[in-house]
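Have the sequence and the 3D view ready.

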Amino acid sequence: MTERKPRRAGGHARQGARPAHAIVQTPWRLPLNTDRPTEPLTEEGVAAIHDTSMRVLEEIGVEFLNPEACDHLRRAGCIVEGDNVRMDRAFVMERLAGAPRAFDITPRNPERRVRMGDRRMAFVNVSSPPNCMDMDRGRRVGDIEAFRDLMKLTQYFNCIHAAGGYPVEPVDIHASVRHLDCLYEKLTLTDKVVHAYSLGPERVEDALEMARIASGLDAEAFFAEPRLFTNINSSSPLKHDWPMLDGAMRFARRGQPVVVTPFTLAGAMAPVTMAGAVAQSVAEALAAIVLLQLVRPGTPCVMGTFTSNVDMRSGAPAFGTPEYMRATQMTGQMARFYGLPLRASNACASNAPDGQAMWESMNSLWAAVQAGANLVYHAAGWLQGGLIASYEKFVMDCETLQQIQRYFEPDLVDVSPDALAFDAMAEVGPTGHFFGAAHTQSRYATAFYAPFLSDWRNYEAWSDAGGPWTEERANRTWKAILADYEPPPMDEGVRDELADFVARRKREGGAPTDY
């Protein structure tokens, strides 16, 4: 069987006039998930996972590789032996009760405010891959040019609500000052909610100050409410490392939200069973959230789920699997049990923006919907288990995200007399058609979702146009978007202050490294 090779730029499949605008997209909005969540666990199942998670915290403990964190927990009455911390379930539940069920994050553009909780869903761009890929240049190590491109796509698409971690790691910039350039680009190329990594005190403090400068506010006004967020991962099994804890505590002290996401792969870093993997994940997440509630009661926290399985033949991570879907749904039940917002992810293991990538991503996204996730990481652009940020996949995922947003629109389930259309059925009767009916004519332009990427032409018309496959159309689309991109407005004085801060911190050496 001959393998189909993707077409490159140029040639018959690339011909055609460029549209006046890159795409016609849906407006900015935070979708409200109106569906009842999928709950695979019975009440007894929820109780069993809760009890197992509490037993882990009480009897096994979680390692906190951070002396300050251990001191907080020791003073609160936890049993601390070296790095191992054990805590009583009543103590855990008491501390969790103080965490907010919902909260807002307000970026430098207040119109881009994100509600975390209350059945709202916010989608975040792909974050942290070391490599990028597109059909023209193939797979390559990330650089600042790709970082800027993907940040522009993040700003452009209304279905992306937050700029997460680096959409690709720009390894052409030294690690000591990389965060300064990346935050500058992120804060000037976007006006959406931003994320900052918890990777050492200097990087965290720089990120907090740069976000404050970009807002144009003084420190008192800026830190009076959530403005940006961080995400930390446990080092499964049952461990939180020093830099993540340090950064999370710095965010908590300033009242800024922290997402706690254990990275539990069943069969490798967690039990091979989904119930066991979820119970371990819950214990790891709650341990850190309890710490943050000690540092500052009422700190906004989000419980993250990143529980999937490995390929038991190779040990490679697998995503978008049936097991991944169930683990996400189960963790959603546990997050509601504890009264916490939920983070999930759009993950896939495919190495190319192909059919496998999209079915695994659809599984991941619909599991997030069914779980009642409030924050969906890696919502656009993820490939190869998070090792590749794909330009074409970014566009393909955004088509899916727009369709999910449309799925939640209330007019699809409107049962008013006008929507039930009895008079239209009476007008048309058994022998007519609805194309010319007044009911149709007054609604046809907005009645259905209009895709920007799907191709609904018949085969002959599609073939005559060069027969472009989905990834080829996505390739044309991201190029048109980048050509049309315009940065959001920023006061020139604020921009200058931000640039001056970056220059000063670079002269000071940025963040220490061992190379």
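This is a predicted model: local features need pLDDT of at least 70, side-chain atom pairs count only at pLDDT 80 or more; totals for chains, interfaces and linings use all residues.

Residues are numbered from 1 along each chain as its sequence is written, and side-chain values use heavy atoms, with hydrogens and water left out.

Start with an open sheet of three strands, ordered S14-S16-S17, with mixed pairing. Strands are DSSP runs of E, at least two residues, numbered from the N terminus, and two of them pair if DSSP finds at least two bridges between them. S14 (265-266) and S17 (317-318) are at the edges with a single partner strand each, so one side of each has no neighbour in the sheet. S14 pairs with S16 (residues 308-310) in the parallel sense over two bridges, and Ala266 sits opposite Asn309 in S16.

Now hop to S15 (residues 301-304): Cys301 and Met303 point one way, Val302 and Gly304 the other, and all are buried (under 20% relative accessible area, 1.4 Å probe, protein chains only). In a regular strand, side chains alternate between the two faces of the sheet. S15 runs parallel to S13 (residues 258-260), joined by three bridges, with Val259 opposite Val302. Two bridges also join S15 to S18 (residues 342-345), again parallel; there, Met303 has Leu342 as its bridge partner.

Finally, find Ser390 in strand S21 (residues 388-390). Why does Ser390 count as buried? Because its relative accessibility is 1%.

Key
Helices (H or I, at least four residues) and strands (E, at least two) are DSSP runs, numbered from the N terminus. Buried means under 20% relative accessible area, exposed over 50%, partly exposed in between (1.4 Å probe, protein chains only).
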